[in-house]
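This report describes a single protein chain for a reader who is new to structural models. Please examine the sequence and the structure below before reading on.

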Amino acid sequence: MKLTDSKFKLETLLLRGLFVACMVICGLFLTSMVTIKPAPIQLASNGHTSAAATHAPSA
């Protein structure tokens, strides 16, 4: 067995480990994005006008 054979085996093992780690991280991100429940957004106001709307210049 040559020294270069063991070098390539180590390199292949490291690349496989890196690939598996990246797939696990991507899977965790994808799972968290799919299962997250965002807070509801209130689009309509509750009857009060904002300060920016009352002080807006008229054209």
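Thr35 is exposed, with a relative accessible area of 52%. The cut-off for this class is a relative accessible area over 50%, and therefore Thr35 at 52% is counted as exposed rather than partly exposed. The model in which these values were computed is a predicted one.

Thr35 belongs to helix H1, which comprises residues 3-35. The side chain of Thr35 makes a polar contact with the backbone oxygen of Thr31, at a distance of 2.8 Å.

## The chain as a whole

The secondary structure of the chain consists of two helices and zero strands. The chain has 59 residues, of which 0% count as buried.

## A nonpolar surface patch

Which residues form a nonpolar patch on the surface? The patch is made of Phe19, Val20, Met23, Val24 and Leu28. Together, these residues have about 510 Å² of accessible area.

Leu28, one of the members of the patch, is located in helix H1. The relative accessible area of Leu28 is 57%, and the residue is therefore classed as exposed, since the limit for that class is over 50%.

## The cysteines

A disulfide is a covalent bond between the sulfur atoms of two cysteines. To be counted here, the two sulfur atoms must lie within 2.5 Å of each other. By this rule, the count for the model is zero disulfides. Cys22 accordingly takes part in no disulfide, and the nearest cysteine sulfur, that of Cys26, is 6.4 Å away.

Definitions and conventions
Residues are numbered from 1 along each chain as its sequence is written. This is a predicted model: local features need pLDDT of at least 70, side-chain atom pairs count only at pLDDT 80 or more; totals for chains, interfaces and linings use all residues. Side-chain values use heavy atoms; hydrogens and water are left out. Patches are made of residues with over 30% relative accessible area and no salt bridge: like charges are joined within 9 Å, nonpolar side chains (Val, Leu, Ile, Met, Phe, Trp, Tyr) within 5 Å. Accessible areas come from the Shrake-Rupley method with a 1.4 Å probe; for residues, only the protein chains shown count as cover. A salt bridge is a side-chain nitrogen of Lys or Arg within 4 Å of a carboxyl oxygen of Asp or Glu. Helices (H or I, at least four residues) and strands (E, at least two) are DSSP runs, numbered from the N terminus. Buried means under 20% relative accessible area, exposed over 50%, partly exposed in between (1.4 Å probe, protein chains only). A polar contact is a pair of N or O atoms within 3.5 Å; within protein, one must be able to donate a hydrogen and the other to accept it, and residues adjacent in sequence count only if both atoms are side-chain atoms.
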